[in-house]
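Subject: Structure handover

Hello,

Here is the structure for you to look through. My notes follow below it.

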Amino acid sequence: MIENNHDWADETSVEALKKSFEFHLKYSLADDHLSATKRDLYTSLALSVRDRLIKKWLLSQHSYYENDSKRVYYLSMEFLIGRLLNHSLINLGFYDEFSRALSELGYDIGDLEEMEIEAGLGNGGLGRLASCFMESLASLGVPVWGYGIRYEFGIFYQKIINGYQVESADNWLRSGSPWEIPRPRFLYPVQFEGRVETTLNDQGEPQHQWVDTSRVMAMPYDIPVPGYKNNTVNNLRLWGARSDLELDLKLFNEGDYFEALKDKHNTEIISKVLYPSDANKNGKRLRLKQEYFFVSASLQDIIRRFKKSHSDFSLFPTKVAIQMNDTHPALAIADFMRILIDEESLTWSQAWDITVKTFGFTNHTILPEALEKWPLELMQDLLPRHLQIIFKINDLLLKEVREKFPNDNERLRRMSLVEEGFSKSIRMAHLAIVGSHSLNGVAEIHSEILKNDVFKDFYDIYPERFNNKTNGITQRRWLKACNPKLSNLINKNIGDKWVKNLSELQALKPKSEDPEFRKKWREVKRENKVRLAKLILERVGIEVNPESIFDVHIKRFHEYKRQLLNLLHCIILYNRLIKNPDQVIGSYTKIFAGKAAPGYAMAKLIIKLVNAIGQKANNDPRINNRLKIIFIPNYSVTVAEVIIPGSDLSEQISTAGMEASGTGNMKLALNGALTIGTLDGANVEILREVGKENIFIFGLTSEGVKKKKQEHFDPREIYLNNIEIKEALDQIGNGFFSPEAPELFQPITDYFFTQRDPYLILADLESYMESHEQVAKEYQDVESWTRKSILNTANMGFFSSDRSVAEYSKDIWGIDPTAPLTSPSKLVNQES
């Protein structure tokens, strides 16, 4: 009989874990072993793990209060957290104990792990980076809270139907989430619309009041974030939108059921979907409401927590650091100013000084379309008081610019927060820069481009604000958890200190010269490739050869990511295998995965082209299975955790100067894949770390790209002078891959000629093909390839997110990540 008490809830003995599991099965789920489904069993296991997280979570929060610690608040529209069960067990340090406890109860922990539905809280690198940072900060013991939105339906679930991407709702919460903790007592009102009333105070100074607003309630849900084998559990707080008026009972009783629920529908739509299409006015309005909703609720929560211990706002920057992960949270600058001036009665100069000292801004892109701008009339309608504040910030900025650069009207136009034109808009990146004491890029080349090109005008005025913080990944998830066979091999040979200090992998370098170790390394890689081949068969229904080179291109689909460059190589390989198979060395399995934004027609057409080329090549007996082209649908963290360990070659082929950093390049190299790439993003630093002999670099540099565009590059010259390239492009345009619709891919050929190949695919194609020929030759020398694979893993120490966040902590937030906190003397009642 299970006693109804939790004396064992924080114990880690096998018997205590069994009791905890059975307790939740019976008392949390009202179930038993006879009727429980696998999902019930998974939920019981997750709740048992969560019990142990909560005790450390409480201790961490109490420690922060007792030490009066400076806290970091990380604002991000995305947190791509992946599955949490395996990750939590590893970081808590008792995976084996729970596995044994379940085994004694007759269950397999691996089967239950597969029941977890991945949270739909992100789309790509931005959200995955935020999650790596949260885990590393907890592992270093840094007091941090993440803030984002609890998207009910994620971005979308990707299906491939007749080769096309088809989006459906990603209902990841359909069975609930055992990891989240609702906090209804911390509901915050978020205001929209209305008007601004201005009056004069006793000193004759203007006072502003935002009145006649509509409002939405923000409901918090907390997810514990454990550090690795320490006592720190930090918090990820996600906001769900709730209506003030759930049901208009009068209308309901009158029979107008839809109208009775209208307010609830219009309110709660804010947190339904990540990145709703902004191709129309309603979509733009919803996107802006999402961004303000989450920063408003977060700031109210941050200020509430600060005011529990402090009343003097001049202390705010010494106790609070707010980091904006890209431009989405930039409205926090204006909202914080509004709160300090309108609600806390600070002067403008006092409020501005506190704001700039508090905020930091991480830029993740140089693409103009990704540097957010909001129509001025939309801002006026939704956030009239914030627009007033932005105008004043802009006036003061332009005054400063005039003083430093007199008679430079063009500079004033470029730097203004307001973009003039037929339709005026607010430049959110400019607001973020002016309102922050730090602007960082995320790779060395990216940070230099920000200083010398994209934000050069701001660098001329605020050079001290600009800095670089190269991205990183957490080795706990991206090696230890996702590649246990390789982790075990490493541990047996050099120990496991690398799990906390990734630079310890340097000890693998001598092992690269050991034939026996290289053999074991290959065996692990082959097992991982077999696992990936099994996933491909299950998801796509195509058998692939694990002896072929697994050439992997896993990124969201975008023109600058240059999936088209890879596809042209696929077509040329196919044609060579038909005409002269001896010309091709070895066999290829080309693996693509990634989503295209629902409104991005070109990216979706490229996905269709991947599948069309695959349909042709995969079913052509003449090429004797030497080329397979695979698209794995619905790419996610969980899918990546299978693809990455089984990869041989990592495609990092964006146009030089376009990719901010990338983290997929780091994950693949950490797992022993060799990189083929341009000198773009973090590839530059990977080259430096692994050595030029262990990476395949091709194509134009960022300076070469700039020069080529200045010279008005004409892709027709390459098209007309290279027979293989001409044939491949003609096949795309003439319906060879789409006989049922010959003109289907005409927009892609138009892209090269009428748009003049804006991302210089043809300019780099010949160099890319030469590099691939070198890859194929190298792959045939298994000993040499294995040595390079080992050295890639061994030299990844710099790319740990532990190093990244330690730099943020020291250089931007003013926190020493090595300084220990005292444990709380007692568990006093401190609300979170």
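In which helix does Thr-267 lie? Thr-267 is in helix 9, residues 262-268. Helices are DSSP runs of H or I with at least four residues, strands are runs of E with at least two, and both are numbered from the N terminus.

Two points on the source. This is a predicted model, in which local features need pLDDT of at least 70, side-chain atom pairs count only at pLDDT 80 or more, and totals for chains, interfaces and linings use all residues. Residues are numbered from 1 along each chain as its sequence is written, and side-chain values use heavy atoms, with hydrogens and water left out.

Back to Thr-267. It is buried, because its relative accessible area is 5% (buried is under 20%, exposed over 50%, partly exposed in between, with a 1.4 Å probe and protein chains only). The Thr-267 side chain reaches the backbone oxygen of Asp-263 at 2.8 Å. Leaving out residues up to four places away in sequence, Thr-267 touches Val-216, Ala-241, Arg-242 and Ser-243. Contact here means heavy atoms within 4.5 Å.

The whole chain

The protein chain has 34 helices and 23 strands. Its radius of gyration is 28 Å, close to the 28 Å that the globule rule gives for 832 residues, so the chain is as compact as a globular protein of that length. That radius is taken over C-alpha atoms, and the rule is 2.2 Å times the number of residues to the power 0.38. The C-alpha trace spans about 90 × 80 × 65 Å along its principal axes. Buried residues make up 60% of the 832. Take contacts between residues at least 6 apart in sequence: 76% of these join residues at least 24 apart.

Met-324

Met-324 sits in strand 11, residues 320-325. Its relative accessibility is 0%, so it counts as buried. Lys-424 is 100 residues from Met-324 in sequence and 24 Å away in space, C-alpha to C-alpha.

Helix 30

Asn-722 is at the start of helix 30, where one of its side-chain oxygens comes to within 3.1 Å of the backbone nitrogen of Glu-724. The buried residues of helix 30 (residues 723-733) include Ile-725, Leu-729 and Ile-732. Its buried residues pack against helices 23, 24, 29, 31 and 32. Gly-735 follows helix 30 and has a positive phi, near 90 degrees.

Most residues other than glycine have a negative phi. Arg-756 has a positive phi, near 60 degrees. Asp-757 is not a glycine either, and its phi is about 50 degrees. Arg-756 is in the loop between helix 31 and helix 32, and Asp-757 is found in that loop too. Arg-756 counts as partly exposed, because its relative accessibility is 39%. Asp-757 is buried, at 0%.

Helix 32

Helix 32 (residues 761-780) has 20 residues. From first C-alpha to last it reaches 28 Å, close to the 28 Å expected at 1.5 Å a residue (1.5 Å times one less than the number of residues). It bends by about 25 degrees at Ser-767. The bend is the angle between axes fitted to the seven residues ending there and the seven starting there. Among its buried residues are Asp-764, His-772 and Glu-778.

Best wishes

Technical notes:
A polar contact is a pair of N or O atoms within 3.5 Å; within protein, one must be able to donate a hydrogen and the other to accept it, and residues adjacent in sequence count only if both atoms are side-chain atoms.
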